[in-house]
Amino acid sequence: MSATLRFDNIGKVFPGVRALDGVSFEVDAGQVHGLMGENGAGKSTLLKILGGEYQPDSGRILMDGKEVRFPSAAASIAAGVAVIHQELQYVPDLTVTENLLLGRLPSAFGWVNKRGAKRFVQERLAQMGVDLDPNARLGRLSIAQRQMVEICKALLRNARVIALDEPTSSLSHRETEVLFKLVRELQADGRALIYISHRMDEIYELCTACTIFRDGRKVTSHPSLAEVKRDTIVKEMVGREITDIYGYRPRRQGEVRLAVEAVEGHGLAAPASFSVRAGEILGFFGLVGAGRSELMRLVYGAEKRRGGQLTLDGAPTDVKSPTHAIRQGIVLCPEDRKEEGIVAMASVAENINISCRRHELRAGLFLNRKKEAETADRFIKLLKIKTPSRRQKIRLLSGGNQQKAILSRWLAEPDLKVVILDEPTRGIDVGAKHEIYNVIYELAERGCAVVMVSSELPEVLGVSDRIVVMREGRISGELARGEASEPALLELALPQGGRAAREAA
Ligand SMILES: Nc1ncnc2c1ncn2[C@@H]1O[C@H](COP(=O)(O)OP(=O)(O)O)[C@@H](O)[C@H]1O
Ligand SMILES: [Mg+2]
């Protein structure tokens with residue numbers, strides 16, 4: 001039997017980068033094929049070729065043994081392929097229904113039969129367990145909801161080959177469960193699926209086979225994932241052995257730098273208090289939606305506080321706005337780095353320097369191009385940002401490398417006292433995570449108070465000196481590094497009496 005989908009010797013070069021170099025592998029019907037590799041390894045490029053967005057420079061794609069050509073996205077869709085891209089493109093003004101039926105109209109329903117279309121969409125969404133108003137405009141939806149709409153679209157088209165590029169990086173636990181259920185149904189239905197993720201747990205949970213990329217080349221394909229150890233995969237991706245990705249370094253702590261007392265406001269169910277010392281890394285664990293990001297935004301002045309008191313280095317302070325916070329040496333690197341932070345048309349160097357620039361311009365200093373170039377090069381090297389040069393437009397970098405560039409922006413800030421990092425390693429590969437943890441330790445060693453919000457249990461446990469846990473808008477407990485364990489943190493994080501949730505976690 002011939003494979004449903006086969007990549008044969010695919011190559012693709014961009015100016016200054018060989019994104020893919022002779023890649024071949026096959027995906028069978030009824031298979032969920034994991035695609036793994038560090039940021040910039042070429043995974044998204046391959047899916048863009050499959051989706052008809054890019055043309056390969058060499059090689060062929062075969063479906064059921066026959067060569068297919070996708071000169072456009074429409075051609076790929078017509079051949080029964082659905083690619084759900086990492087960076088979702090969407091028209092903010094379209095409604096959910098209009099978007100879902102895009103490209104199907106008028107054959108299936110005709111514009112006239114909008115009511116029929118809406119009913120159809122409503123039924124499908126309900127079936128998928130997705131709670132969405134078919135009339136909602138896409139611009140008003142969360143990233144997760146937009147992602148669900150894209151997946152619905154693939155289902156509606158009855159695609160035979162479905163490829164998902166890091167679909168869970170912005171999904172909550174529950175949304176991820178919904179997605180997994182869907183993927184399994186599609187698999188049972190005999191579709192061929194490609195699944196890209198940096199999360200090893202997900203790969204092992206969902207995928208039967210997997211292929212590993214490094215620097216645009218295929219390292220290997222594992223036809224049966226069950227027999228492969230995680231360490232082997234990490235080594236194949238990174239090209240070296242990483243025994244302890246956290247590499248925790250204990251250090252001396254100083255006085256309390258930031259004390260937050262009884263802060264109240266949007267997203268919190270009760271007044272919240274915590275403090276963090278100079279040189280300390282304070283982890284904030286909780287399920288998505290527990291109120292951690294909201295609390296940090298209140299501390300940072302990005303959201304209005306209704307009450308409470310902040311103390312910085314022993315003196316009361318009112319952080320009125322993010323600008324005010326930055327001026328006092330408090331920075332917050334937000335969770336949605338891309339949405340909030342990227343200047344797409346600017347270069348990597350400009351994106352890294354943006355926040356230093358703000359400082360210096362305010363202080364009436366001239367731009368120091370040489371210094372900026374040095375800072376950019378330092379972080380490109382430190383975090384292994386994959387780019388032909390610091391002058392490359394940031395939007396041409398792979399998703400994870402954009403994340404790294406934006407994270408550098410905060411880490412490059414001078415005279416930091418308090419650094420709040422919200423999900424600092426989301427969407428970032430193992431090798432780069434390791435580098436980011438090192439930057440975090442360095443910040444703390446320099447005397448910064450670091451707050452790290454993370455939903456990844458092993459990361460919180462691996463990096464923090466102390467861990468605060470939030471549940472349903474309130475702080476539910478605190479554990480020192482020595483007393484923290486996975487069960488102890490989950491106990492504090494899961495809704496009380498929520499047995500189902502406990503099992504799901
Ligand atoms: N349109 C483009 N122009 C220039 N370089 C690109 C473009 N798209 C991707 N690249 C480069 O190709 C390489 C592979 O990127 P990508 O396929 O996005 O990696 P991955 O998805 O594995 O993280 C990266 O070095 C990236 O910067
Ligand atoms: Mg990618």
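How many of the residues of H14 are buried? In H14, 13 of its 13 residues are buried, and the helix is mostly covered. Buried means under 20% relative accessible area, exposed means over 50%, and partly exposed lies in between (1.4 Å probe, protein chains only). Helices (H or I, at least four residues) and strands (E, at least two) are DSSP runs, numbered from the N terminus.

This is a predicted model, in which local features need pLDDT of at least 70 and side-chain atom pairs count only at pLDDT 80 or more, while totals for chains, interfaces and linings use all residues. Residues are numbered from 1 along each chain as its sequence is written, chains are lettered from A and ligands numbered from 1 in the order in which they are written, and side-chain values use heavy atoms, with hydrogens and water left out.

The chain has 505 residues, and buried residues make up 53% of them. Its secondary structure comes to 18 helices and 20 strands. Contact means heavy atoms within 4.5 Å. Among contacts between residues at least 6 apart in sequence, 67% join residues at least 24 apart.

Helix H14 covers residues 399-411. The expected span of a helix is 1.5 Å times one less than its number of residues. Helix H15 covers residues 430-445. Its 16 residues should span 22 Å at 1.5 Å a residue, and its end C-alpha atoms are 23 Å apart, which agrees. In H15, 13 of the 16 residues are buried, so the helix is largely enclosed by the rest of the structure.

Both ends of H15 can be described. Asp429 caps the N-terminal end, with a side-chain oxygen 2.9 Å from the backbone nitrogen of Ala432. H15 is followed by Gly447, whose phi is positive, near 100°. Within H15 sits Glu435. Glu435 is buried, with a relative accessible area of 12%. Not counting residues up to four places away in sequence, Glu435 touches Arg240, Leu382, Leu383 and Lys384.

Two packed helices are described by the angle between their axes and the distance between the axes. Axes are lines fitted to C-alpha atoms, for helices over the stretch in contact, and angles run from 0 to 180 degrees between N-to-C directions. The axes of H5 (residues 143-156) and H6 (residues 173-188) come within 11 Å and cross at roughly 10°. That makes H5 roughly parallel to H6; angles under 35 degrees count as roughly parallel. On the H5 side, Ala144, Met148, Ile151 and Leu155 take part, and they meet Glu175, Val178, Leu179, Leu182 and Leu186 in H6.

H6 has 16 residues and reaches 23 Å from its first C-alpha to its last, close to the 22 Å expected at 1.5 Å a residue. Its buried residues include Val178, Leu179, Phe180 and Leu182. The buried residues of H6 pack against strand E3 (32-36), H5, strand E7 (161-165), strand E8 (192-196) and helix H7 (200-206). Gly190 follows H6 and has a positive phi, near 85°.

Strand E11 (residues 256-265) holds Ala262. Leu258 is also placed in E11. Leu258 is buried, with a relative accessible area of 1%. Leaving aside neighbours within four places in sequence, Leu258 is in contact with Phe274, Ser275, Val276, Val299, Thr311, Leu312 and Val418. Leu258 and Lys417 are 159 residues apart along the chain, yet their C-alpha atoms are separated by 8.7 Å. Ala262 counts as partly exposed, at 33% relative accessibility.

Most residues other than glycine have a negative phi. In Ala262, however, phi is positive, near 45°. Glu472 also has a positive phi, of about 45°, although it is not a glycine. Glu472 lies in the loop between strand E19 (466-471) and strand E20 (474-480). At 52% relative accessibility, Glu472 counts as exposed.

Another loop, between strand E6 (81-84) and helix H3 (96-101), contains Asp93. Asp93 is exposed, with a relative accessible area of 57%. Not counting residues up to four places away in sequence, Asp93 touches Glu98 and Arg137. Asp93 and Arg137 are 44 residues apart in sequence and 5.6 Å apart in space, C-alpha to C-alpha.

How values were computed:
A polar contact is a pair of N or O atoms within 3.5 Å; within protein, one must be able to donate a hydrogen and the other to accept it, and residues adjacent in sequence count only if both atoms are side-chain atoms. Angles under 35 degrees count as roughly parallel, over 145 as roughly antiparallel, 65 to 115 as roughly perpendicular and the rest as oblique.
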